[in-house]
Amino acid sequence: MSTVFIAFQTNEDTRPIIESILADNPHAVLDEQPAMVKINAEGSLVIKRESIEERIGRDFDLQELQVNLITLSGNMDEDDDQLTLAWKN
Amino acid sequence: MDMKATKKKLGLKEKYAHMTRGLGWDTTYQPMDKVFPQAAFEGIKIHDWDKWEDPFRLTMDAYWKYQAEKERKLYAVLDAFAQNNGHLGITDARYLNAVKLFLTGISPLEYVAHRGFAAAGRNFPGVGPRVACLMQSIDEVRHAQTQIHALSNYNKFYEGFHAGATHQIERVWYLSVPKSFFDDAFSAGPFEWMIAIGFSFEYVLTNLLFVPFMSGAAYNGDMATVTFGFSAQSDEARHMTLGLECIKFMLEQDPDNLPIVQKWIDKWAWRGIRVLTLVGMMMDYMLPKRVMSWKEAWEIYFEQNGGALFNDLAKYGIKVPECITQCTVDKEHISHQAWATFYQYAHASDFHTWLPNDEEMDWLSAKYPNTFDKYYRPRFTQWREMADKGERFYNNTLPMLCQVCQIPMVFTEPDDPTKICYRESEYQGEKYHTCSDGCKHIFDDEPEKYIQAWLPVHQIYQGNCFPEGTDPTVEGFDPMLKVLEWYHIENGKDNMDYEGSGDQANFAAWRGMATQNT
Ligand SMILES: [Fe+2]
Ligand SMILES: [Fe+2]
């Protein structure tokens with residue numbers, strides 16, 4: 001299986017986002033680099049709006065992710081509730 | 001950030017449908033094929049533009065909102081950087097030479113990307129890609145502008161930044177490498193542009209350019225570069241998905257598209273990898289504090305990540321680019337060969353060079369156990385001995401350039417790292433030289449395009465690279481000095497060794513002032 005990843009800037013906006021992703025994807029692996037946090041996962045990765053909202057205590061629009069996003073890999077699909085990255089092989 | 005997420009009247013998918021597809025119409029005063037004359041000549045067959053899917057489903061209202069937030073963050077940091085003498089926080093002023101290379105070699109590409117995506121948006125009959133290309137076009141001009149703004153802070157204090165992002169890109173020998181890459185893409189049709197820049201550059205190679213560069217900047221205390229870099233990079237995920245969507249769309253629309261797309265992938269993977277030689281050299285030689293070696297970055301971002309991508313595309317019949325065998329050999333050589341070249345031609349460059357010190361050479365040996373000690377350490381050691389005797393080696397012969405990638409012929413044969421590699425083609429009775437099988441292949445496929453290349457060395461020899469009014473027949477004429485003048489490189493200031501440079505002396509003096517009261 002192939003690895004997908006997503007990377008964010010290291011800052012206070014992304015801390016709860018990273019926490020949510022790690023909680024929702026037990027198979028994901030955290031890779032901390034200078035000024036950047038990268039999350040690698042075999043096959044697929046899901047980011048859930050609700051999990052982020054629980055942690056930040058306000059409504060969250062998944063498109064806000066774009067402000068701190070650095071890079072990603074995998075086929076992406078996004079709707080109002082979740083964003084998934086996957087390699088379908 | 002404390003943004004308010006507004007309660008939505010429409011779901012993301014519905015809103016995207018209304019605000020992109022819903023805005024398009026077919027022309028009636030003129031037939032569609034006359035309005036979109038570039039949509040067909042490349043041979044790509046599209047039957048239904050509505051099948052295009054933009055995974056980010058971004059609409060203009062959301063676009064402006066998030067881009068404005070990015071700009072606010074960026075300029076707040078740039079102000080703080082300027083107000084607090086942020087330039088003294090970097091590890092060593094030697095580091096700034098990587099930034100000079102970025103400003104003169106990469107920022108101008110952002111501007112060309114802006115123009116290219118505007119043109120692609122104009123030329124695609126489909127509404128989905130048109131809107132996505134429009135957004136990317138605006139992103140790219142933002143990248144060019146924010147990079148110039150951020151780096152102008154360094155121009156107040158250091159050499160080599162004054163010619164900025166416009167003058168040198170059209171003139172200087174090594175900058176013709178990135179320039180010709182984009183010129184090649186921009187002078188192709190809209191579909192090839194998308195494979196060249198949208199797919200190969202943005203999807204396959206962008207991580208190798210931006211991630212190591214920005215992590216390197218962060219590691220070396222360069223807050224200005226990290227900030228514009230990450231701000232630009234935050235648009236990149238959207239560009240990558242556009243590139244990937246575009247290739248899948250072409251392949252799903254018609255089986256006849258496969259061989260055309262495969263040819264472009266092969267071509268643009270190789271073209272891009274050649275340009276990235278400059279990044280490899282930056283990572284291995286120019287960062288005082290190193291993040292990872294070029295070889296390691298290559299293995300993570302090209303071999304593993306690119307491997308996953310090509311596995312995914314295999315279902316359409318796409319194969320891994322044919323240059324991959326050579327790349328696997330090259331990853332252990334190109335950064336050393338490139339830095340050795342710049343060291344020899346430091347008098348003709350807009351940044352300073354130096355020889356790696358003992359500790360740096362040991363790091364290189366550890367990272368390149370198969371090649372560094374065997375082929376490159378002896379060369380650097382020899383040059384150091386010469387420099388210590390006051391015979392610093394400069395190469396005063398201009399090198400032959402590859403007709404395609406425009407890099408001097410400095411790379412070696414894939415099966416013999418002691419032998420310079422070059423290939424020869426004939427076209428209309430003239431001989432043309434390329435640096436590799438990859439570049440020869442590209443030349444032979446479209447010779448009528450590449451014989452028009454503006455090759456800096458040829459142009460110097462033809463007398464086209466002197467300031468206006470230069471008389472080469474006067475007594476004591478020094479062509480090199482005149483070329484530097486035309487480049488806007490100040491001899492003795494912007495060029496040659498870092499050791500003994502104004503940058504080195506000033507940085508030491510200013511840093512001293514920042515930490516002491518005298
Ligand atoms: Fe860009
Ligand atoms: Fe070449």
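Q: How are helices and strands picked out and numbered here?
A: Helices (H or I, at least four residues) and strands (E, at least two) are DSSP runs, numbered from the N terminus. This is a predicted model, in which local features need pLDDT of at least 70, side-chain atom pairs count only at pLDDT 80 or more, and totals for chains, interfaces and linings use all residues. Residues are numbered from 1 along each chain as its sequence is written, chains are lettered from A and ligands numbered from 1 in the order in which they are written, and side-chain values use heavy atoms, with hydrogens and water left out.

Q: What span is expected of helix H9 of chain B, and what does the helix reach?
A: The expected span of a helix is 1.5 Å times one less than its number of residues. H9(B), residues 223-253, has 31 residues and reaches 45 Å from first C-alpha to last, close to the 45 Å expected.

Q: Where is the kink in H9(B) centred?
A: The bend at a residue is the angle between two fitted axes, one for the seven residues ending there and one for the seven starting there. In H9(B), a kink of about 30° is centred on B:Asp235.

Q: Why is H9(B) described as largely enclosed?
A: Let's start with the term: buried means under 20% relative accessible area, exposed over 50%, and partly exposed in between (1.4 Å probe, protein chains only). Since 29 of the 31 residues of H9(B) are buried, the rest of the structure largely encloses this helix.

Q: How do I read the way H1 and H2 of chain A pack?
A: Axes are lines fitted to C-alpha atoms, for helices over the stretch in contact, and angles run from 0 to 180 degrees between N-to-C directions. Helix H1(A), residues 15-24, and helix H2(A), residues 49-56, pack at about 130° with axes 9 Å apart. That makes H1(A) oblique to H2(A); angles under 35 degrees count as roughly parallel, over 145 as roughly antiparallel, 65 to 115 as roughly perpendicular and the rest as oblique.

Q: Which residues meet between these two helices?
A: Contact means heavy atoms within 4.5 Å. Among the H1(A) residues that meet H2(A) are A:Pro16, A:Ile17 and A:Ser20, and these three also belong to the buried residues of H1(A). The cover over those buried residues includes strands E1 (3-9), E2, E3 and E4 (44-48), together with H2, of chain A.

Q: Are H4 and H11 of chain B roughly parallel or roughly antiparallel?
A: The axes of H4(B) and H11(B), residues 277-286, come within 10 Å and cross at roughly 170°, and the two are therefore roughly antiparallel. On the H4(B) side, B:Asn97, B:Ala98 and B:Leu101 meet B:Leu278, B:Met281, B:Met282 and B:Met286 of H11(B).

Q: What is there to notice about phi at A:Ala35 and B:Asn85?
A: Most residues other than glycine have a negative phi. A:Ala35 has a positive value, near 65°, and B:Asn85 has one near 50°. A:Ala35 is in the loop between strands E2 (29-33) and E3 (36-42) of chain A, and is partly exposed at 30% relative accessible area. B:Asn85 sits in the loop between helices H3 (60-83) and H4 (96-105) of chain B, and is partly exposed at 40%.

Q: Is B:Tyr16 buried or exposed?
A: B:Tyr16, in helix H1 (residues 12-19) of chain B, is buried, with a relative accessible area of 5%. B:Tyr16 and B:Leu58 are 42 residues apart in sequence, yet 6.7 Å apart in space, C-alpha to C-alpha.
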